[in-house]
Amino acid sequence: MNARETSIIQDLSLAPEGHLKIDWVKEHMPVLNRIRKRFEQEKPFAGLKVAICLHLEAKTAYLAKVIQAGGAQVTITGSNPLSTQDDICAALVEDNIQVFARYNPEPEEYKQHLIKTLETKPDLIIDDGGDLVTILHEERPDLLPQIRGGAEETTTGILRLKALAKEGRLQFPMMAVNDAYCKYLFDNRYGTGQSVWDGINRTTNLVVAGKTVVVIGYGWCGKGVAMRAKGLGAKVIVTEVDPIKAIEAYMDGFEVMSMDQAAELGDYFVTVTGNKDCIRQSHFEKMKNGAILANAGHFDVEINLRELEGLAQSKRVVRKNIEEYQLAGGKKIYVLAEGRLVNLAAGDGHPAEIMDMTFALQALALEYINNHYQQLEKKVHNVPYELDQQVAAYKLEALGITIDRLSEEQKAYLESWKE
């Protein structure tokens, strides 16, 4: 395969800047570097094709290079039109990784990139939000027989996969990487928490301290967003539909109330639910002038922009990645990054050290699927706990941290019902 001849990207001349970005994250991803060394020796994906659909920036690019080092022929596309970085695409093509992606394509072009990625007839896939899996099952079942299995990155994608499996329609095993400890405890909480505010602050250039931040959803990502907002000096309100999570937010020191109540109070609103219409017309009508809305969920459905446009008398871009909606009476509401993932559409995504663990899990999960796909049921599988422990152990080693080990006597005590 000659990636230069087959890829669809914006501009190959951007590659030098992309290589610099990839080199930078490589220096801060010691766990993935360790896995790459083993992959280079063992070639676990020799002779196989791997299709990747993830946010196409430097950390993802390095994961693709690690999979390639394992012997795979890799094709990659973006999982969000606004998170693709054209210089990264160019650098990957120079490294003979086939790319179908560019920044901000038209919707039909974006979908064609997904389809072209699948038309390479991959043996294994890494998906984000279930886009590849959905196309395979709904539109291109002719490509299903080749696929051994894959791994899913996000909460939203796992929900879609489980719904497909519940109907008995999932045609290959998928690993729920998002549900692994070393993913959601660190990536979802610390990664999302930091990168969301990186994106908001970079885009708005406004102070957070003293403002009221409304976090819609208190899952692991919502916990991180709320924690970082508090650290920036904001007053934080959490809205929830789950009574257990609502109590947890209350015990964590945050105000908890309904969205109808919070709509009148917020200066910033951040959706982190994975569900649609979390902010809608009745909320827009109650918001104060100058309210800033951002989405940190996978799809751009959490803020009902259609209803907001219906209320607006005018709409304009006032700053890159900020759209101003002016309502009757002169009230202005601002939406960041078109309601798409603010940390990637308006930022660089999670810190490299965090994605080091997540992408290490992706690489190991893909290897596990390839080694066991013939024995695995066609459903969503949890990442084996030993892979989680392996990634954590590698990370501790890279940090120079030593922990204790149980003695044989202690192990026996824990396994016995007697004192």
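Start by selecting Lys 59, which sits in helix α4 (residues 58-69). Helices here are DSSP runs of H or I with at least four residues, strands are runs of E with at least two, and both are numbered from the N terminus. The model is predicted: local features need pLDDT of at least 70, side-chain atom pairs count only at pLDDT 80 or more, and totals for chains, interfaces and linings use all residues. Residues are numbered from 1 along each chain as its sequence is written, and side-chain values use heavy atoms, without hydrogens and water.

**Stop 1: Lys 59.** Is this lysine buried or exposed? Lys 59 is buried, because its relative accessible area is 6% (buried is under 20%, exposed over 50%, partly exposed in between, with a 1.4 Å probe and protein chains only). Now show its contacts, meaning heavy atoms within 4.5 Å. Leaving aside neighbours within four places in sequence, they include Val 25, Met 29, Asp 348, His 350 and Phe 359.

**Stop 2: the nonpolar cores.** Stay in the model and select Ile 67. Together with Ile 35 and Val 99, Ile 67 touches the most other members of the largest nonpolar core, which has 58 residues. Such a core is a set of buried Ala, Val, Leu, Ile, Met, Phe, Trp, Tyr and Cys residues joined through side-chain atoms within 4.5 Å. Helix α16 (residues 352-372) gives this core its largest share, eleven residues. Beyond four places in sequence, Ile 67 touches Phe 45, Val 50, Ala 72, Val 74, Ala 363 and Leu 366. Another core, of 28 residues, lies apart from it; Val 213, Val 225, Ala 337 and Ala 345 are among its members.

**Stop 3: α9 against α16.** Select helix α9 (residues 181-204) along with α16. Their axes come within 9 Å and cross at roughly 145°. Axes are lines fitted to C-alpha atoms, for helices over the stretch in contact, and angles run from 0 to 180 degrees between N-to-C directions. On the α9 side, Phe 186 and Tyr 190 are among the contact residues; on the α16 side, Met 355 and Leu 361 are among them.

**Stop 4: the open sheet.** Colour the strands. Seven of them form an open sheet in the order β3-β2-β1-β4-β5-β6-β15, with parallel pairing. Two strands pair if DSSP finds at least two bridges between them. At the edges, β3 (98-100) and β15 (380-382) each pair on one side only. Neighbouring strands are turned by 20° against each other on average, direction ignored.

**Stop 5: strand β5.** Zoom to residues 149-152. With β4 (residues 124-127), β5 pairs in the parallel sense over four bridges. There, Leu 124 stands opposite Gly 149. With β6 (residues 174-176), the parallel pairing runs over three bridges. In β6, Met 175 is the bridge partner of Ala 151, and Ala 176 is that of Glu 152.

**Last stop: Met 257.** Select the loop between β9 (255-256) and α12 (259-262), where Met 257 lies. Met 257 counts as buried because its relative accessibility is 15%. Not counting residues up to four places away, Met 257 touches Ile 237, Val 238, Thr 239, Ala 262 and Leu 265.
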